[in-house]
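Please read the points below alongside the model.

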Amino acid sequence: MFMVLESVRSAFSAIRANKLRSVLTSLGIIIGVMSTIAVISLIQGLRASVLSEFEGFGANQVVVFPSPSDAAASYGLPQNITVDDYEAVLDAIDGFAEATAQVSVWGDRIRFGEESSGASVTGVYPEQYIINDLSIAYGRPTVAGDGTARNPVMVVGQSLLEDLEIAPDEAVGKYVEFNGDWYLIVGVLEKIGAVFGQDQDNVAYVPFEVAAQQSAVEPSVVIFVNVFETDNVPFVLSRIKQALRLQHGISGDMPDDFQTFTGDQAIAQIDTITGVLTAVFGGVVAISLLVGGIGIMNIMLVSVTERTREIGICKALGATRAQILLQFLIEAVVLCLVGGVIGILLGSAIGLGIAPLIPGFEAQAVIPLWAIALALGFSTGVGVIFGILPAAKAASLDPIDALRYE
Amino acid sequence: MPVSNVIELRGIGKDYAMGGEVFSALKSIDLDIGQNEFVAIIGSSGSGKSTLMNIIGCLDRPTRGDYTLAGDDVAKLSANQQAGIRNRQIGFIFQSFNLLPRISALHNVMQPLIYQKVGLSKRKKMAKEMLEKVGLGDKLGNQPNAMSGGQRQRVAVARALVTQPSLLLADEPTGNLDSKTTEEIMQLFEQLHASGQTIVIVTHEPDIAARCQRQITLKDGAVVSDSKYGGAI
């Protein structure tokens, strides 16, 4: 420990004596760490902002939709989730959660005069507005009465209105054409924005019953469930599965013919994506650190040759091989660590500074502690790995030859 | 009167292999140097005096023979053990001073104490006292390149003495100095001798050798004359 401390002291004095060269030597490490921190801070910022969007969505939300799996079809089982299934699910989760079903309507573009839009049209129950936390900017939502009366009314998103060149505040009361029918716009949704680059405002909602009658066959629905207590999500999930398996006559160890998706799963997916991104950039950075490490090794080898006489003097004064080895090894590590710290500072500055300049990037850069620890750990590792060869060279010098070295 | 020997060399020889042929730099040296002796080892280049100095200084190992330094058998030590002996028993003084260039006089003198694991404050105190003793109490913070040759050699002497070695081993200590500073350094050696220090100076300058108490002359790897035994052997 004593020698480590002394070596650190002597390393700093060596670095101070050659400031410019030390900075140039650790430039590879500085750039490597800087780019890691900058990139990680941006990815983590993105992750945090996506997660916060999902939080509005709810970690207590469960989505149930038909399975696209061929395996289930091969059993000859019904793959659709029907309105009956939905009602069975409602019964099963009563008291623990609220739910709504929606059905997609396939068809033409929505037309208004010369303009048209390819917005997705969905049939919804009034509960959808509550469960998905949708706000109405103008007019009203579709209500239960619209459904029972089969009223051809529509609530629209603002991107759809843009396509149709209708001002949001003038939309209510206008008629648009869809699949040969005329729909009255009764409400306009608040803007939501894009999630994963998908425009959430390019939508139109019609009453569920109106949408259902568009389809010749029994429509397949997607069920949205809002669990009252987040802790109850697993329980509610099991109740839903049980109900649906019963409805579909699935027994024993046969697989589900439907899929469920929870907020936790969504978060897990985001984590997977950001994890992959981080790993890919981590790989790139590992290569740059490798290059930086080779730079350090080169300069340290030169430095050992240059300081041959000094090493000889220290040996004459009684330094052992281990002490010389430690001194040069620690010098390499300190060089790398200093580079790492400079890299972290620069990288943080770049990450925080560049985030507002990226178009469409609404997140704030976030620098996680683990990234700093990782950068420092990596720098130390590089110092040890690439410092060992020059240090061994220094330690093995013969004192007589070293003293004679000019 | 019984004088305990600091150095006892018995049949010391050093061979070098030179392209298949064996060249004996030292043939068979027997030599005793006692406590508080002030000895000059003289010889022209090629006489083997550098080889002998390296062996005495534990920088090199003899091919054959026994070497006892301050009671320790040091002829067959490992490199690490030799380093320990150099650190504790020997104070080196070189012709070209061999100070560490990037650090102050004080830190140069502190350096050998690091290898003895002496704590920082104690190290500073010991080094400061030693520099004051050689008359450089006002130059503690100076770097070697800001000092004259004589001052640098004084720093080197302070560095050599700070570990209180059994033996002060000087290799042409005045070789790079003018006559005035040579005189100063020689006076310093004489003072050290008077205070009880054992000193061995390796030199080819007769003037320097003449100021020592005892002169040993080497030629072709053998001792040809020792003033202690009345001259030629």
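**Note on the two-chain model**

1. Interface. In this predicted model, 18 residues of chain A are in contact with 19 residues of chain B. Contact here requires C-beta atoms, placed from the backbone, within 7 Å. On the chain A side, helix H1 (2–17), helix H12 (308–316), H13 and helix H15 (399–404) each supply at least two residues. H1(A) gives the most, with 5 residues. Helices (H or I, at least four residues) and strands (E, at least two) are DSSP runs numbered from the N terminus. By type, the chain A side divides into 10 nonpolar, 4 polar and 4 charged residues. Nonpolar covers Ala, Val, Leu, Ile, Met, Phe, Trp, Tyr, Cys and Pro; charged covers Asp, Glu, Lys and Arg; the others, Gly among them, are polar.

2. Confidence and conventions. The predictor gives the complex an ipTM of 0.91 and a pTM of 0.70. Chain B averages a pLDDT of 90, and 97% of the residues score at least 70. pLDDT is the predictor's confidence in each residue, from 0 to 100. Residues are numbered from 1 along each chain as its sequence is written, while chains are lettered from A and ligands numbered from 1 in the order in which they are written. The model is predicted, with local features needing pLDDT of at least 70 and side-chain atom pairs counting only at pLDDT 80 or more, whereas totals for chains, interfaces and linings use all residues.

3. Nonpolar cores. The largest nonpolar core has 120 residues; Ala332(A), Val109(B) and Val200(B) touch the most other members. Helix H13 (residues 321–354) of chain A gives the most to this core, with 14 residues. Apart from this core lies another, of 52 residues, including Ala97(A), Val121(A), Tyr125(A) and Val221(A). A nonpolar core is a set of buried Ala, Val, Leu, Ile, Met, Phe, Trp, Tyr and Cys residues joined through C-beta atoms within 7 Å. Buried means 20 or more other C-beta atoms within 10 Å of a residue's own; exposed means 12 or fewer; partly exposed lies in between; C-beta atoms are placed from the backbone.

4. Val109(B). Leaving out residues up to four places away in sequence, Val109(B) touches Ala127(B), Met130(B), Leu131(B), Val155(B), Ala158(B), Arg159(B) and Val162(B).

5. Strand E9 of chain A. Strand E6 (residues 136–139) of chain A runs antiparallel to strand E9 (residues 181–189) of chain A, joined by 3 bridges. E7(A) runs parallel to E9(A), with 4 bridges. Val188(A) is the bridge partner of Tyr138(A) and also of Val156(A). Strand E8 (residues 175–178) of chain A pairs with E9(A) in the antiparallel sense over 4 bridges. Pairing requires at least two DSSP bridges. E8(A) and E9(A) form a hairpin with 2 residues between them, and Asn179(A) in the turn has a positive phi of about 50°.

6. Positive phi in loops. Arg150(A) has phi near 55°. Its loop runs between helix H7 (144–148) and strand E7 (153–156) of chain A. Arg150(A) counts as exposed because it has 12 C-beta neighbours inside 10 Å. Cys58(B) has phi near 60° and lies in the loop between helix H1 (49–56) and strand E4 (64–69) of chain B. Cys58(B) is buried, with 28 other C-beta atoms within 10 Å.

7. Ala75(B). This residue sits in the loop between strand E5 (72–73) and helix H2 (79–89) of chain B. With 19 C-beta neighbours inside 10 Å, Ala75(B) counts as partly exposed.

Technical notes: Contact = placed C-beta atoms within 7 Å.
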